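The following paragraphs lead through a structural model, beginning with a single residue and widening to the whole chain. Please keep the sequence and the structure in view while reading.

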Amino acid sequence: MAPNSTRVLKRHMPRENLDKKQDTNKKCKTLVYNPPTEYLDSSSIYREPTTYNNLLASLGLSNKVVADMNKRRQREEEGKSDTEGDDDDDEEEERDDMVVQTIGDLNHTSCKGADQENLGDHTENTEKEKNDYHSEEEEDFEDCETDEEEQELNTDGQSSVDASSSFTSAFSDHLSHKLSSQEVETLPKGNWKFKWEAPAIDIPNCMWKGTRQNFLDVCVQSDATYGLKPKLFKHWLQLYDKSGGKDFNSSKRRRLFSICNSYQDILHSNKRPFYNGGLNEDSSAMDAYIMHSLNHIFRTRDLVNTNESIISKHRETLSEEEILSNGRFLDQGFTRPKVLILLPFRSIAFRVVKRLIQLTPESQRVNVEHLDRFNAEFGCEDDSDECDGNSITRKPSKPCDWQTLFGEGNNDDCFMLGIKHTRKSIRLYGDFYSSDIIIASPLKLLMAIGLAEENKDLDVDYLSSIEVLVIDHADIISMQNWRFLETVVDHLNRLPSKQHGTNVMRIRPLYLDGHARFYRQSIVLSSYLTTDINALFNHHCLNYKGKMKLACEYKGVLQEVLLPVEQIYGRFDADSVDHANDARLEYFTKKIFPKIKDSAQGGVMIFMNSYFELVMLRSFLKSQNASFCVLGEYTEKEGKSKARQEFFEGNKKIIIYTERAYFYWRYKIRGIKKLIFYSLPERKEFYPQIMNMLEESHDMMSTALFCRFDQLKMERIVGHASAKRMISSEKSSFCFRLGECIKDPNTATQTERYSAIFIIRHHLAESLKQQYLTLEDPLELWVALKKRYDHQKTVILPQAKFDWKNLRFEDFKSVEEFNSKLFRIVALIKLCGEEVTDKDMLEKTFSTFGTPNVVLQQQYRAMNHSTYEDLISCLLLAEKNNQLLLRNSAMRPPGSAPLPEGTRKESNFVQRNRSSDRGRGRGNGHGLRGKGRGRPNQDNRPNLSFGRGKGRGINKPTQRGSSSRPTPCSRCGMTNHWVKICRTPKYLAELYQKYGKDNHEANLVHQVNENDSKDDKIDGMDYELSDLLD
């Protein structure tokens, strides 16, 4: 925006002209106050005032009635009701009722020499007015927090108390600074040197580093409220006490607020987030930057209101341009919004806004407008107040952090919300140009910037005067699209395209000179540090106050890998960050891919960090005609399931999995036999989760590629010391073998020892974990366990050898049973230190085939199987084929033709009689128990009649269309089936073979059905001796 040159020149009017004007109006005692209109809500598109509007505005300077009429007219033109602007009227009343600073006091702090004499008479006039309004002003002092306890601010942002007071707020000290020409030259270059280090209290293994003077070692500040406005501090302290907090002065949230209140750029890269079990720590950081933001906008408002009150008292004696021309009332920016908070999801914005409302004093949040709409659009799906993961009642299939972010929270990443604070209320969904705080996602702001570039009537000038920038959960934003965030930060503090109703005479010089970005404070909060976050902090955060950064040392996460995996790390050389991707692909194609291509075994998963790496690797694999599938962040829903299924079934040898895809979906991949980390994950907890997906085998192995530009990732995964050693070492290949930790002597690192003891304890019983809890060295723990249980070998070995000696293949009905027994014995023998080779197992199988299978045994020997697994595979296949052959042969007799489909009936010798004939009748059969007469069936099928005796009568079957007696089954004696398809229970067949075969008589057996009554059920073994001898 190009400001009006005439008005800018008037702003630098010589003091002599101002003194003359004051002398000519020296006798004027009545000061008329006209409410200013600078802070009325303005639309997003500025409209140039007409001549009639200018006339009404000029008349309103001397007549309050005309000013009120003009205000109502403007409200009607904007389509607002009389009550819609009550909040703005409250602000104007606040300015009207505030204590009028005497001109003598003003000159005492900001004017020297002749100015004090020229303005001396006005002191007497305003002193009388101050006494007249004393009672009303005391009440407003409490509402506006501008009493003596607060220390009123003068036009330069400095304290207007007695000059002997040495305390000045960090707010006024920050904005009153004037940049030197050297600072303007050096700040854009971003050459920062950290000069000091100090331990971070309550954050283990972390140090604060700063570019300016260290203020952390300073004891309690002279200001008892730590730079907060008294009412804000009192309210915050009450909330802290109600929540059960102790010793607020030494709390984590208070310390972090003091760091924020220094107005330096801050990078906190070790914050444990609420969705990962760090609810208390996350809330402390959130409280700190919210209170800092509230303190900043309230002090800005107080400064503007105080200056408005002073200007309004002198509008009759001096014109507004003459009052503002001396440059003492520079308190505004191009637009009103001063704080921008960037968040990734609506659910997180919901937590921040809810907490912001709670931290606002009750007297200033009597009414929260549009709260129901906010709860509906930003709240969780389960309508809970906070999505902290505590509402999960059943164990989810996904991890807890995923469940909190995506399972139950509102994970929409396109939102923007304006928040306006008035004297007694908070307005949500306010116009962005009239808001104090803007909470948005990078995606929504990027869309607004794109629309403004396409349509000249639109703009994003509400970003031109941002003084405090907060980026919370930057690690999640990096999983969305980091370029969006960089574009938004790059558009901050630019010169606006329109004026938007701002009085140019009151704009701070830092905005007009284009230096606003050097005064903007940036606060970046993340759970870990990445190269992108580091680059943003170094090159886009250019605060003249300096920087503070948290440096951490990590122990690594190798101990969380629960499988005994041989972890190999291969280092490749890269000249710069830009050439790192090409060097990584070249190393993969020459060192890794040939081993995969020559191997016939599939099950290879390649895990990588970025989509750009996926595109490069995918092009290479296509050129090699490799069998692979992709599971990336842009894969369609059908493609996800298809890729996982094809990889598990072995149809695809390779699957490519990206970190962003795993972050959003958390799919577990089955069938992984070899794991390759094309690039290490940024989130350290992903490394053990991916490693534990490997299928357990005796040769599990993973390979990870890295270079010196991956040091931040390496530190979080393998530990600070190991990462530093691996990057600076002359060797290019490193291997983590946890088995070396239990050998004496060994050269294992502390990280490897910690990982080994974690795995050992994971596999111990709960009672043993408690007994050996004090042992922290894996070698000591292993020796102790060995002494306690090593004697078990002497007990197990003799029995295992005896079982091995008596193991015979011919004693088992199936190959699977023999194989299971053999491996159980071999495992026990190996546990006792004895070795059993494939040759021994092959010989044991061949030598125990049995006498009838001598020829078959010789045939299998002739196949020359090298491993026992090959022999078992052949035996299992032959057994399955034999079973199918016998089943096909049993379907019908040899030489017979199959029945036509339409006339074929299934034969079954077990017949169930559904008749319920009881009592007397005439039948043709004898029952096993009791003798009775029954009525035969109409179709001559066997009749199951009941007689007078015990039990049930079971009749003999009657043959249809044949006068001769058919040949009975030689197994059971029945005549309705062949012996090949006999299904008579074994115990009945044995009874027939023993007792009834000589009599050539067989009886049908009633099959017990679940639906039969208790009386109908018979026991096939419940025979009497008379029944068998009859």
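Q480 counts as buried because its relative accessibility is 13%; buried means under 20% relative accessible area, exposed over 50%, and partly exposed in between, with a 1.4 Å probe and protein chains only. This residue is found in helix α20, which covers residues 474-480. Helices (H or I, at least four residues) and strands (E, at least two) are DSSP runs, numbered from the N terminus. The side chain of Q480 reaches the backbone oxygen of P344 at 3.2 Å. Setting aside neighbours within four places in sequence, Q480 is in contact (heavy atoms within 4.5 Å) with P344, F345, D413, R660 and Y664.

The model is a predicted one, in which local features need pLDDT of at least 70 and side-chain atom pairs count only at pLDDT 80 or more, while totals for chains, interfaces and linings use all residues. Residues are numbered from 1 along each chain as its sequence is written, and side-chain values use heavy atoms, with hydrogens and water left out.

L773 lies in the loop between α32 (766-771) and α33. L773 is exposed, since its relative accessible area is 57%. In sequence L773 and R761 are twelve residues apart, and their C-alpha atoms are 8.8 Å apart in space. At the start of α33, a side-chain oxygen of D777 comes to within 3.1 Å of the backbone nitrogen of L779. Helix α33 itself (residues 778-789) has twelve residues and reaches 16 Å from its first C-alpha to its last, close to the 16 Å expected at 1.5 Å a residue; the expected span is 1.5 Å times one less than the number of residues. Within α33, P778, L779, L781 and L785 are buried. They lie on the same side of α33 because they cover an arc of only 160° around the axis, the arc being that of the directions from the helix axis to the C-beta atoms.

For the protein chain as a whole, there are 40 helices and 18 strands. Buried residues make up 48% of its 1030 residues. Of the contacts with a separation of 6 or more, 73% are between residues 24 or more positions apart.

Confidence is expressed as pLDDT, given for each residue from 0 to 100. The mean pLDDT of the protein chain is 77, and 71% of its residues reach 70 or more. Over residues 91-167 the pLDDT is below 50, and this stretch has 138 contacts in the model beyond near neighbours in sequence. Where pLDDT is low, the predicted coordinates should not be read in detail.

Terms used. pLDDT = per-residue confidence, 0-100. Polar contact = N/O pair within 3.5 Å; in protein donor to acceptor, adjacent residues only side chain to side chain.
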